[in-house]
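The structure is shown first.

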Amino acid sequence: MASSSALSRLSSISRHFNPSHANKDGVALIKISPEVSEALSNGRAVVALESTIISHGMPYPKNLETAKEVEAIVRENGAVPATIAILDGTPCIGLTIEELERLARLGPRAQKTARRDIAHVVATRGNGATTVSATMIFAHMVGIPLFVTGGIGGVHQHGEHTMDISSDLTELGRTPVAVISAGVKSILDIPRTLEYLETQGVCVAAYKTNEFPAFFTEASGCKVPCRVDTPDDCARLIDANLKLELGTGMLIAVPIPKEHSASGNLIESAIQTALREARDKNITGNAATPFLLARVNELTGGASLASNIALVKNNALVGSKIAVALSQIRECCRKGGLE
């Protein structure tokens, strides 16, 4: 049964975060869509979705088409999608079709927004596409315990010298939101990323496998400390983490479907070429990942983009089932507490 402090916090969130939450001057600080607000108030399953994948992950109109399809998958599996972005300086939890289209058309003109960038984008009334770290922050802020994405950031190649480490990893160590992904983007250093997550105290689990997936391929050669085989397994793991108030997030890595991993070797070869080009051009920091993904897509004739879309949709499918299972556990706890 959930601790009284955890349950009271959830109740407080449901009351406090109305569709428009404003400061004393009447300026909206955060906006929650009516659909998401109602779902949170009623204890329904909600799945947070990031927006960088829309703005920086693929070109228009493919990005808009994919965003709509991912949200549809979430709904078809019993959960409510909550795509998160900052529009005109207001963090938005759950976007309308018009807002999705606006973000898709903005593309890279929307600022790629991690934790460090949030205050600046809000203060300047800018448009921000949230990365994993920023999406986790806003999801936790309104009481959404689960977030689906394609792949998280990590330790970049030669990160032991450059210290180029994604803020996604430190966010997982400080924000109690479960992230469902296809592992770590394979342009990164996966073994060092897993070591860093261990240092941060983050539980890393793999779905229906003992090996950590490598985004475009099912296996990375790295074993995981935790295996989960069903959405119920995942939900119990998340529930235990939240009830114990450990204060950390967790990563549940879902392998890319077998039928979409056939081009994995071609993609991995392209990744190595793109990494060399990035080093030669001195492309680093938050510009590295968009460059590498775009270049890999060019080198593979679009195969990497097709795989990327397939794994995101699969993660949405699995993540939605986990969210529903988690909401059922919480409902049982609430009923048990009232008896």
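Arg116 is exposed at 68%. Arg116 and Asp117 form a salt bridge, with their closest N and O atoms 3.1 Å apart; the term requires a side-chain nitrogen of Lys or Arg within 4 Å of a carboxyl oxygen of Asp or Glu.

## Basis of the values

The model is predicted: local features need pLDDT of at least 70 and side-chain atom pairs count only at pLDDT 80 or more, while totals for chains, interfaces and linings use all residues. Residues are numbered from 1 along each chain as its sequence is written, and side-chain values use heavy atoms, with hydrogens and water left out.

## Other salt bridges

Side chains of opposite charge can pair when their charged atoms come close. A search of the whole structure finds 18 salt bridges. One of them joins Arg75 to Glu35, with the closest N and O atoms 2.8 Å apart. This pair links distant parts of the chain, since Arg75 is in helix 4 (residues 62–76) and Glu35 in helix 2 (residues 34–41), 40 residues apart. Helices are DSSP runs of H or I with at least four residues, numbered from the N terminus. Both partners are partly exposed, Arg75 at 40% and Glu35 at 34%. Glu71 joins Glu35 and Arg75 in a network of salt bridges.

Asp233 and Arg236 also form a salt bridge, with a closest N to O distance of 2.7 Å. They are 3 residues apart in helix 11 (residues 231–243), so about one helical turn separates them. Asp233 is partly exposed at 24%, and Arg236 is partly exposed at 48%.

## Glu99

Glu99 lies in helix 5 (residues 97–106). With a relative accessible area of 13%, Glu99 is buried. Its side chain reaches the backbone nitrogen of Thr96 at 2.9 Å. Apart from neighbours within four places in sequence, Glu99 is in contact (heavy atoms within 4.5 Å) with Lys31, Leu87 and Gly94.

## Helix 13

Helix 13 has 12 residues (288–299), and at 1.5 Å a residue it should span 16 Å; its end C-alpha atoms are 16 Å apart, which agrees. The expected span is 1.5 Å times one less than the number of residues.

Buried residues in helix 13 include Ala288, Thr289, Phe291, Leu292, Leu293 and Val296. Gly301 follows helix 13 and has a positive phi, near 65°.

Technical notes:
Helices (H or I, at least four residues) and strands (E, at least two) are DSSP runs, numbered from the N terminus. Buried means under 20% relative accessible area, exposed over 50%, partly exposed in between (1.4 Å probe, protein chains only). A polar contact is a pair of N or O atoms within 3.5 Å; within protein, one must be able to donate a hydrogen and the other to accept it, and residues adjacent in sequence count only if both atoms are side-chain atoms.
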